[in-house]
Amino acid sequence: MTTPWLEELTEAAGARVVTDPDVLAAHARDHAPFVAAGRAACLVRATGVEDVVGAMTVAQRHRVPVVTRGAGSGLAGGANAIDGCIVLDVAGMDRILSIDPATRTAVVEPGVINGDLDSAAGVHGLTYAPDPASRAYSTIGGNIATNAGGACCLKYGVTGDHVAALAVVLADGTRIRTGTVAAKDVAGLDLTSLLVGSEGTLGVIVEATLRLLPRAHPPATLAAFFATTEDAGRAVVAMQTEAALSLVELMDQATLTAVEAHARMQLDTAAGALVIAQADTPTAAADIDRCAEVCTAHGATDVVATGDADEGEQLLAARRLALPALEQLGTTLLDDVGVPTPALPKLLTAITDIAEQHGVVIGTFGHAGDGNMHPTIVFDATDEGAVAAAQAAFAAIVRTAVALGGTVSGEHGVGTLKRSLLTELTGTAELALMHRIKAAFDPCGILNPGKGY
Ligand SMILES: Cc1cc2nc3c(=O)[nH]c(=O)nc-3n(C[C@H](O)[C@H](O)[C@H](O)COP(=O)(O)OP(=O)(O)OC[C@H]3O[C@@H](n4cnc5c(N)ncnc54)[C@H](O)[C@@H]3O)c2cc1C
């Protein structure tokens with residue numbers, strides 16, 4: 001059934017408006033399980049800023065909700081359709097507009113794939129540092145809207161630390177520009193930072209100016225096995241005072257066992273945890289040797305160190321397989337919590353206790369160096385009791401992280417998956433302020449309503 005606003009939109013954006021139910025269904029959700037997705041009225045495949053302005057103008061006039069979408073790799077339901085909405089797909093706006101070695105910046109459209117930008121920057125001896133594990137397919141727009149993190153964010157910071165300026169279309173179709181290429185900028189409120197991590201609720205990012213860095217030295221790597229996750233957690237904390245490491249990843253026994261069953265990598269599945277650390281400075285080998293000693297002093301049962309970058313990649317390969325391997329065991333509910341790094345051992349102990357209390361299997365892995373872990377609950381989705389236990393364990397982990405001084409989400413965002421937990425664990429005054437900021441950007445509440453905060 002067509003509606004007047006849909007006809008108006010079709011006049012504005014023509015063939016780029018799609019109502020085919022199969023196409024709508026394929027764009028209805030992201031990668032997060034257990035979160036509702038509605039039925040969109042249409043999809044707009046934006047090819048340029050004018051399409052975005054046209055869609056927002058019609059949407060605002062008729063009060064139609066708009067869900068902006070990049071690659072749909074999100075893990076919080078942020079890009080999930082809402083009943084009757086326009087899904088505004090900006091993945092096709094995928095041009096790298098310029099790379100300027102003098103200012104070490106790149107100007108890109110929102111649909112550019114993270115890894116493609118890094119490859120293009122590499123031609124100039126530069127790198128785009130934020131490295132979500134989804135970098136081969138997630139978009140810069142989605143990365144900015146979720147403030148995506150990754151393994152190397154321990155040293156280089158998260159996406160927001162690399163955003164210099166943005167061009168954004170507001171809910172009523174107004175185009176704004178925020179930020180500057182200039183290295184320093186304290187003029188007025190920092191609208192760029194407000195838009196970073198706003199999960200499509202404040203505006204549609206149509207262009208980004210991103211900071212690039214010189215490419216790092218080839219890394220030195222260590223892999224250390226521990227009897228318990230707590231020993232591993234304590235070693236991770238102690239290593240931080242020894243060297244500025246570029247990544248420190250951790251996998252617990254359940255994850256190690258799943259990876260070994262999945263890929264046969266001769267991992268020690270009797271170990272309680274594996275820690276993998278890298279340094280990429282000119283003194284990387286010496287840094288890693290000192291960290292190896294720290295691991296031994298904290299009870300490591302086996303430590304391997306290498307200055308060979310390819311061998312380092314092989315050691316990291318096991319960590320990259322963590323989620324796919326756990327997914328072989330059943331349905332997974334992937335959590336994403338962050339704590340101050342010194343609280344990491346307590347978080348790991350609590351996760352073990354929560355698994356026992358709720359009778360669930362939890363494989364824990366993640367970016368231990370910056371306290372951002374992904375406890376992943378594995379369960380049978382056909383068993384109602386198991387689903388309820390998984391959801392209870394999921395919420396208990398989030399509450400524990402917040403009680404330890406941490407956060408509801410370290411890098412995946414809130415979306416709809418964690419909205420009730422965010423609401424529960426955020427102060428009333430702070431939440432009300434977020435809603436007032438949302439109202440200032442989007443008075444009619446049409447941008448991704450019901451997501452985030
Ligand atoms: C296997 C796997 C590994 C992952 N690893 C990581 C990781 O290491 N670190 C990490 O942080 N995340 C990770 N993720 C999650 C996901 O890849 C990130 O959240 C990513 O930033 C989402 O990008 P996307 O293009 O897929 O965005 P989408 O999923 O399409 O959208 C995500 C959110 O951004 C909004 N949005 C998208 N584009 C725009 C835009 N142009 N303007 C305004 N709002 C917009 C959407 O409305 C939605 O709220 C992983 C996901 C998978 C499946």
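Around the ligand stand 34 residues, of which the closest are T68, G70, S73, S134 and T139 (a residue counts here if one of its heavy atoms lies within 4 Å of the ligand). This is a predicted model, in which local features need pLDDT of at least 70 and side-chain atom pairs count only at pLDDT 80 or more, while totals for chains, interfaces and linings use all residues. Residues are numbered from 1 along each chain as its sequence is written, and side-chain values use heavy atoms, with hydrogens and water left out.

An oxygen atom of the ligand lies 2.6 Å from a backbone N or O atom of T68, and a ligand oxygen is 2.9 Å from a polar backbone atom of A71. From S134, a polar side-chain atom lies 2.6 Å from an oxygen atom of the ligand. Taken alone the ligand exposes 980 Å², and the protein buries 94% of that (accessible areas by the Shrake-Rupley method with a 1.4 Å probe). The largest share of the shell, 5 residues, comes from helix 5 (helices are DSSP runs of H or I, at least four residues, numbered from the N terminus).

Helix 14 covers residues 384–403, and its end C-alpha atoms are 29 Å apart, which agrees with the 28 Å that its 20 residues should span at 1.5 Å a residue (the expected span is 1.5 Å times one less than the number of residues).

How values were computed: A polar contact is a pair of N or O atoms within 3.5 Å; within protein, one must be able to donate a hydrogen and the other to accept it, and residues adjacent in sequence count only if both atoms are side-chain atoms. Helices (H or I, at least four residues) and strands (E, at least two) are DSSP runs, numbered from the N terminus.
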